[in-house]
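Subject: Structure handover

Dear colleague,

I am passing this structure on to you, and below it you will find my notes on what was found. Please read them with the structure open beside you.

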Amino acid sequence: MTKTSRRHTPYMVQPEYRIYEMNKRLQSRTEDSDNLWWDAFATEFFEDDATLTLSFCLEDGPKRYTIGRTLIPRYFSTVFEGGVTDLYYILKHSKESYHNSSITVDCDQCTMVTQHGKPMFTKVCTEGRLILEFTFDDLMRIKTWHFTIRQYRELVPRSILAMHAQDPQVLDQLSKNITRMGLTNFTLNYLRLCVILEPMQELMSRHKTYNLSPQDCLKTCLFQKWQRMVAPPAEPTRQPTTKRRKRKNSTSSTSNSSAGNNANSTGSKKKTTAANLSLSSQVPGLGAIPNCSLNPGRDGDLCHSTAVTPSGQFKEKH
(Lines give C-alpha, C1' and ligand atoms only; values in the text may rest on other atoms or scores of the structure.)
Protein backbone atom coordinates (compact mmCIF):
# COMPACT_ATOMS: atom_id res chain seq x y z
CA MET A 1 0.00 0.00 0.00
CA THR A 2 2.85 2.37 0.77
CA LYS A 3 4.52 1.76 -2.57
CA THR A 4 1.25 2.30 -4.45
CA SER A 5 0.58 5.65 -2.76
CA ARG A 6 4.09 6.87 -3.44
CA ARG A 7 3.83 5.83 -7.05
CA HIS A 8 0.64 7.80 -7.72
CA THR A 9 1.58 10.91 -5.77
CA PRO A 10 3.81 12.50 -8.47
CA TYR A 11 1.03 12.23 -11.07
CA MET A 12 -1.35 14.24 -8.87
CA VAL A 13 0.96 17.27 -8.78
CA GLN A 14 2.59 16.85 -12.17
CA PRO A 15 0.29 19.10 -14.28
CA GLU A 16 0.86 22.17 -12.11
CA TYR A 17 4.51 21.23 -11.73
CA ARG A 18 4.84 21.38 -15.49
CA ILE A 19 3.71 25.01 -15.36
CA TYR A 20 6.36 25.61 -12.70
CA GLU A 21 8.95 24.06 -15.02
CA MET A 22 7.75 26.27 -17.87
CA ASN A 23 8.09 29.38 -15.69
CA LYS A 24 11.59 28.29 -14.76
CA ARG A 25 12.49 27.78 -18.43
CA LEU A 26 11.17 31.24 -19.33
CA GLN A 27 13.27 32.80 -16.57
CA SER A 28 16.38 31.18 -18.04
CA ARG A 29 15.83 33.06 -21.31
CA THR A 30 18.59 35.48 -22.30
CA GLU A 31 18.82 38.34 -24.75
CA ASP A 32 20.64 36.03 -27.15
CA SER A 33 17.79 33.51 -27.28
CA ASP A 34 17.06 32.95 -30.97
CA ASN A 35 14.34 31.10 -32.87
CA LEU A 36 15.99 27.75 -32.19
CA TRP A 37 15.74 28.37 -28.44
CA TRP A 38 12.05 29.24 -28.70
CA ASP A 39 11.35 26.22 -30.89
CA ALA A 40 13.08 23.96 -28.35
CA PHE A 41 10.97 25.59 -25.61
CA ALA A 42 7.75 24.87 -27.53
CA THR A 43 8.87 21.31 -28.28
CA GLU A 44 9.48 20.66 -24.58
CA PHE A 45 6.10 21.88 -23.33
CA PHE A 46 3.69 21.62 -26.30
CA GLU A 47 2.55 18.69 -28.42
CA ASP A 48 3.17 18.64 -32.16
CA ASP A 49 -0.53 19.29 -32.83
CA ALA A 50 -1.04 21.70 -29.94
CA THR A 51 -3.22 24.80 -30.18
CA LEU A 52 -3.10 28.01 -28.13
CA THR A 53 -6.23 30.16 -27.77
CA LEU A 54 -6.55 33.65 -26.27
CA SER A 55 -9.93 35.25 -25.59
CA PHE A 56 -10.35 38.83 -24.38
CA CYS A 57 -12.39 41.94 -24.99
CA LEU A 58 -10.99 45.18 -26.43
CA GLU A 59 -12.58 48.54 -27.06
CA ASP A 60 -14.00 47.38 -30.41
CA GLY A 61 -15.48 44.15 -29.10
CA PRO A 62 -14.54 40.59 -28.05
CA LYS A 63 -11.55 38.90 -29.67
CA ARG A 64 -10.57 35.26 -29.98
CA TYR A 65 -7.32 34.07 -31.54
CA THR A 66 -6.24 30.46 -32.03
CA ILE A 67 -2.77 29.55 -33.30
CA GLY A 68 -1.17 26.20 -34.06
CA ARG A 69 2.06 24.60 -32.96
CA THR A 70 4.25 26.25 -35.61
CA LEU A 71 3.19 29.75 -34.48
CA ILE A 72 3.39 29.18 -30.70
CA PRO A 73 7.17 29.82 -30.33
CA ARG A 74 6.85 33.18 -32.03
CA TYR A 75 3.93 34.12 -29.77
CA PHE A 76 6.03 33.78 -26.60
CA SER A 77 8.96 35.62 -28.16
CA THR A 78 6.75 38.61 -29.07
CA VAL A 79 5.89 39.01 -25.37
CA PHE A 80 9.52 39.76 -24.58
CA GLU A 81 10.00 41.87 -27.70
CA GLY A 82 7.36 44.27 -26.36
CA GLY A 83 9.56 45.28 -23.42
CA VAL A 84 8.86 42.39 -21.01
CA THR A 85 11.81 41.17 -18.96
CA ASP A 86 10.04 38.45 -16.97
CA LEU A 87 7.00 36.25 -17.57
CA TYR A 88 5.42 33.59 -15.37
CA TYR A 89 2.01 32.09 -14.58
CA ILE A 90 0.40 31.63 -11.15
CA LEU A 91 -2.34 29.01 -10.75
CA LYS A 92 -4.62 29.10 -7.69
CA HIS A 93 -7.28 26.53 -6.74
CA SER A 94 -7.01 24.64 -10.01
CA LYS A 95 -9.10 21.52 -10.64
CA GLU A 96 -7.79 18.42 -12.38
CA SER A 97 -9.75 15.77 -14.24
CA TYR A 98 -8.20 12.57 -15.57
CA HIS A 99 -9.23 10.89 -18.80
CA ASN A 100 -7.97 7.90 -20.72
CA SER A 101 -5.21 9.69 -22.62
CA SER A 102 -5.24 13.24 -21.23
CA ILE A 103 -5.39 15.35 -18.08
CA THR A 104 -7.40 18.57 -17.97
CA VAL A 105 -6.45 21.40 -15.61
CA ASP A 106 -9.08 24.10 -15.09
CA CYS A 107 -7.90 27.16 -13.16
CA ASP A 108 -10.43 29.93 -12.72
CA GLN A 109 -7.92 32.13 -10.84
CA CYS A 110 -4.91 32.21 -13.14
CA THR A 111 -2.61 35.24 -13.21
CA MET A 112 -0.12 35.97 -15.96
CA VAL A 113 2.55 38.23 -14.48
CA THR A 114 4.76 40.27 -16.78
CA GLN A 115 7.53 42.62 -15.64
CA HIS A 116 8.08 45.49 -18.05
CA GLY A 117 11.35 47.37 -18.25
CA LYS A 118 10.27 49.83 -20.95
CA PRO A 119 8.78 52.25 -21.66
CA MET A 120 8.71 52.38 -17.86
CA PHE A 121 9.20 49.97 -14.97
CA THR A 122 5.75 48.38 -14.52
CA LYS A 123 4.38 45.10 -13.24
CA VAL A 124 1.28 43.88 -15.09
CA CYS A 125 -1.02 41.22 -13.59
CA THR A 126 -3.39 39.72 -16.16
CA GLU A 127 -6.12 37.66 -14.53
CA GLY A 128 -8.41 35.14 -16.16
CA ARG A 129 -9.33 31.50 -16.59
CA LEU A 130 -6.78 29.03 -17.92
CA ILE A 131 -7.81 25.60 -19.22
CA LEU A 132 -5.00 23.21 -20.12
CA GLU A 133 -5.13 19.73 -21.59
CA PHE A 134 -2.03 17.59 -21.06
CA THR A 135 -1.23 14.27 -22.66
CA PHE A 136 -1.18 11.49 -20.09
CA ASP A 137 2.29 10.12 -20.79
CA ASP A 138 5.87 10.54 -19.64
CA LEU A 139 6.40 13.85 -21.47
CA MET A 140 3.24 15.52 -20.10
CA ARG A 141 3.11 18.11 -22.86
CA ILE A 142 0.29 20.59 -23.44
CA LYS A 143 -2.21 19.71 -26.15
CA THR A 144 -4.63 22.65 -25.79
CA TRP A 145 -4.10 26.01 -24.07
CA HIS A 146 -7.08 28.34 -23.60
CA PHE A 147 -6.62 31.55 -21.62
CA THR A 148 -9.66 33.79 -21.17
CA ILE A 149 -8.64 37.24 -19.89
CA ARG A 150 -11.10 38.99 -17.60
CA GLN A 151 -9.15 41.94 -16.20
CA TYR A 152 -5.65 43.29 -15.70
CA ARG A 153 -3.77 45.64 -13.41
CA GLU A 154 -0.69 47.73 -14.07
CA LEU A 155 1.38 48.43 -10.93
CA VAL A 156 3.95 51.24 -10.80
CA PRO A 157 6.33 51.43 -7.78
CA ARG A 158 5.78 54.33 -5.39
CA SER A 159 9.46 55.20 -5.52
CA ILE A 160 9.11 56.12 -9.19
CA LEU A 161 6.04 58.24 -8.46
CA ALA A 162 7.85 60.06 -5.64
CA MET A 163 10.86 60.63 -7.85
CA HIS A 164 8.77 62.42 -10.51
CA ALA A 165 6.22 64.04 -8.21
CA GLN A 166 7.24 67.53 -9.34
CA ASP A 167 7.12 66.76 -13.07
CA PRO A 168 3.54 66.84 -14.42
CA GLN A 169 4.55 65.49 -17.84
CA VAL A 170 6.17 62.40 -16.37
CA LEU A 171 3.22 61.82 -14.06
CA ASP A 172 0.87 62.04 -17.02
CA GLN A 173 3.01 59.51 -18.86
CA LEU A 174 2.97 57.17 -15.86
CA SER A 175 -0.81 57.34 -15.65
CA LYS A 176 -1.23 55.91 -19.16
CA ASN A 177 -1.54 52.19 -19.71
CA ILE A 178 1.31 50.45 -21.50
CA THR A 179 -0.72 47.33 -22.40
CA ARG A 180 -4.18 46.47 -23.69
CA MET A 181 -5.84 43.81 -21.56
CA GLY A 182 -2.38 42.90 -20.29
CA LEU A 183 -0.97 42.28 -23.79
CA THR A 184 1.64 44.40 -25.54
CA ASN A 185 1.18 45.88 -28.98
CA PHE A 186 3.80 43.47 -30.34
CA THR A 187 1.72 40.50 -29.21
CA LEU A 188 -1.58 41.95 -30.45
CA ASN A 189 -0.13 42.73 -33.87
CA TYR A 190 1.25 39.21 -34.09
CA LEU A 191 -2.14 37.70 -33.20
CA ARG A 192 -3.75 39.77 -35.94
CA LEU A 193 -1.09 38.56 -38.36
CA CYS A 194 -1.79 34.96 -37.34
CA VAL A 195 -5.28 35.32 -38.77
CA ILE A 196 -3.55 35.42 -42.18
CA LEU A 197 -0.68 33.06 -41.38
CA GLU A 198 -2.73 30.22 -39.88
CA PRO A 199 -4.74 29.39 -43.05
CA MET A 200 -1.51 29.52 -45.10
CA GLN A 201 0.13 26.76 -43.03
CA GLU A 202 -1.08 24.20 -45.58
CA LEU A 203 0.63 26.09 -48.40
CA MET A 204 3.85 26.47 -46.41
CA SER A 205 3.86 22.81 -45.42
CA ARG A 206 3.28 21.67 -49.01
CA HIS A 207 6.04 23.96 -50.25
CA LYS A 208 8.45 22.59 -47.65
CA THR A 209 7.52 18.94 -48.27
CA TYR A 210 7.33 18.81 -52.08
CA ASN A 211 9.51 21.84 -52.93
CA LEU A 212 6.81 23.26 -55.20
CA SER A 213 6.52 26.85 -56.30
CA PRO A 214 3.98 29.04 -54.48
CA GLN A 215 1.76 29.03 -57.57
CA ASP A 216 1.77 25.22 -57.82
CA CYS A 217 1.06 24.92 -54.09
CA LEU A 218 -1.95 27.18 -54.47
CA LYS A 219 -3.19 25.22 -57.48
CA THR A 220 -3.05 21.84 -55.75
CA CYS A 221 -4.53 23.10 -52.48
CA LEU A 222 -7.45 24.81 -54.25
CA PHE A 223 -8.10 21.78 -56.43
CA GLN A 224 -8.07 19.37 -53.49
CA LYS A 225 -10.35 21.67 -51.50
CA TRP A 226 -12.75 21.90 -54.43
CA GLN A 227 -12.75 18.11 -54.75
CA ARG A 228 -13.68 17.76 -51.08
CA MET A 229 -16.51 20.26 -51.52
CA VAL A 230 -18.13 18.82 -54.64
CA ALA A 231 -17.36 15.12 -54.10
CA PRO A 232 -20.56 13.15 -53.52
CA PRO A 233 -20.86 11.43 -50.14
CA ALA A 234 -19.84 7.81 -50.04
CA GLU A 235 -22.77 5.47 -50.43
CA PRO A 236 -23.31 3.02 -47.57
CA THR A 237 -22.48 -0.56 -48.31
CA ARG A 238 -25.56 -2.61 -49.04
CA GLN A 239 -25.92 -6.18 -47.95
CA PRO A 240 -26.56 -8.59 -50.81
CA THR A 241 -30.12 -9.81 -50.92
CA THR A 242 -31.23 -13.07 -52.46
CA LYS A 243 -34.18 -12.64 -54.80
CA ARG A 244 -35.69 -14.88 -57.36
CA ARG A 245 -34.91 -13.91 -60.90
CA LYS A 246 -37.87 -12.88 -62.98
CA ARG A 247 -38.05 -13.02 -66.70
CA LYS A 248 -38.36 -9.59 -68.25
CA ASN A 249 -40.32 -9.05 -71.39
CA SER A 250 -39.11 -7.01 -74.34
CA THR A 251 -41.34 -4.03 -73.46
CA SER A 252 -39.80 -3.55 -70.01
CA SER A 253 -36.25 -3.90 -71.36
CA THR A 254 -36.94 -1.28 -74.00
CA SER A 255 -38.33 1.15 -71.44
CA ASN A 256 -35.37 0.53 -69.13
CA SER A 257 -32.85 1.20 -71.90
CA SER A 258 -34.57 4.48 -72.81
CA ALA A 259 -34.65 5.51 -69.14
CA GLY A 260 -30.96 4.71 -68.84
CA ASN A 261 -30.15 6.87 -71.84
CA ASN A 262 -32.09 9.76 -70.36
CA ALA A 263 -30.26 9.37 -67.04
CA ASN A 264 -26.89 9.35 -68.80
CA SER A 265 -27.73 12.52 -70.73
CA THR A 266 -28.91 14.20 -67.53
CA GLY A 267 -25.72 13.18 -65.73
CA SER A 268 -23.56 14.53 -68.54
CA LYS A 269 -25.43 17.85 -68.38
CA LYS A 270 -24.79 18.03 -64.62
CA LYS A 271 -21.09 17.35 -65.11
CA THR A 272 -20.85 20.05 -67.79
CA THR A 273 -22.63 22.53 -65.54
CA ALA A 274 -20.35 21.68 -62.58
CA ALA A 275 -17.28 22.12 -64.77
CA ASN A 276 -18.34 25.68 -65.66
CA LEU A 277 -18.77 26.73 -62.02
CA SER A 278 -16.03 28.86 -60.54
CA LEU A 279 -14.13 27.93 -57.39
CA SER A 280 -15.39 31.08 -55.69
CA SER A 281 -18.95 29.68 -55.80
CA GLN A 282 -17.93 26.21 -54.58
CA VAL A 283 -15.27 26.96 -51.94
CA PRO A 284 -16.13 29.59 -49.30
CA GLY A 285 -13.59 32.34 -48.75
CA LEU A 286 -12.11 32.21 -52.28
CA GLY A 287 -14.07 35.05 -53.79
CA ALA A 288 -11.08 37.39 -53.57
CA ILE A 289 -8.94 35.22 -55.90
CA PRO A 290 -9.44 36.44 -59.48
CA ASN A 291 -9.70 34.25 -62.58
CA CYS A 292 -9.77 31.02 -60.57
CA SER A 293 -12.12 28.65 -62.41
CA LEU A 294 -12.36 25.00 -63.15
CA ASN A 295 -11.74 25.54 -66.85
CA PRO A 296 -8.07 24.60 -67.35
CA GLY A 297 -5.74 26.70 -69.44
CA ARG A 298 -3.89 25.59 -72.48
CA ASP A 299 -1.36 23.71 -70.39
CA GLY A 300 -4.07 22.09 -68.25
CA ASP A 301 -3.25 24.13 -65.12
CA LEU A 302 -5.85 25.28 -62.64
CA CYS A 303 -6.02 28.97 -61.71
CA HIS A 304 -3.46 29.70 -64.41
CA SER A 305 -3.66 33.45 -63.89
CA THR A 306 -3.13 33.48 -60.09
CA ALA A 307 0.24 33.44 -58.31
CA VAL A 308 1.64 34.01 -54.84
CA THR A 309 4.42 36.50 -54.32
CA PRO A 310 7.33 35.64 -51.94
CA SER A 311 5.85 38.05 -49.41
CA GLY A 312 2.75 35.84 -49.14
CA GLN A 313 0.35 38.06 -51.11
CA PHE A 314 -1.74 36.99 -54.08
CA LYS A 315 -0.89 38.63 -57.36
CA GLU A 316 -2.75 38.38 -60.65
CA LYS A 317 -0.68 37.73 -63.75
CA HIS A 318 -1.49 39.45 -67.07
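Arg180 is partly exposed, with a relative accessible area of 26%, where partly exposed covers what lies between buried, under 20%, and exposed, over 50% (1.4 Å probe, protein chains only). Before going further, please note that this is a predicted model, in which local features need pLDDT of at least 70 and side-chain atom pairs count only at pLDDT 80 or more, while totals for chains, interfaces and linings use all residues. Residues are numbered from 1 along each chain as its sequence is written, and side-chain values use heavy atoms, with hydrogens and water left out.

The side chain of Arg180 meets that of Glu59 in a salt bridge at 2.7 Å, N to O, a salt bridge being a side-chain nitrogen of Lys or Arg within 4 Å of a carboxyl oxygen of Asp or Glu. Glu59 lies in the loop between strand 1 (46-58) and strand 2 (61-68), and Arg180 in the loop between helix 5 (168-174) and helix 6, so this pair ties together parts that are 121 residues apart in sequence. Helices (H or I, at least four residues) and strands (E, at least two) are DSSP runs, numbered from the N terminus. Glu59 itself counts as exposed, at 66% relative accessibility.

Glu127 and Arg153 meet through their side chains at 3.0 Å, N to O; since Glu127 lies in strand 6 (residues 122-135) and Arg153 in strand 7 (residues 142-155), the pair ties together parts that are 26 residues apart in sequence. Here Glu127 counts as buried, at 19% relative accessibility, whereas Arg153 is partly exposed, at 43%. Glu81 and Arg74 also form a salt bridge, at 2.7 Å, N to O, with Glu81 partly exposed at 34% and Arg74 partly exposed at 36%.

On the surface, Leu193, Val195 and Ile196 form a nonpolar patch with about 270 Å² of accessible area together. Such patches are made of residues with over 30% relative accessible area and no salt bridge, with like charges joined within 9 Å and nonpolar side chains (Val, Leu, Ile, Met, Phe, Trp, Tyr) within 5 Å; the areas come from the Shrake-Rupley method with a 1.4 Å probe, and for residues only the protein chains shown count as cover. Val195 is placed in helix 6 (residues 185-197).

Finally, the buried residues of helix 8 (residues 214-230) include Cys217, Leu218, Leu222 and Trp226.

Definitions and conventions:
Expected span 1.5 Å × (residues − 1).
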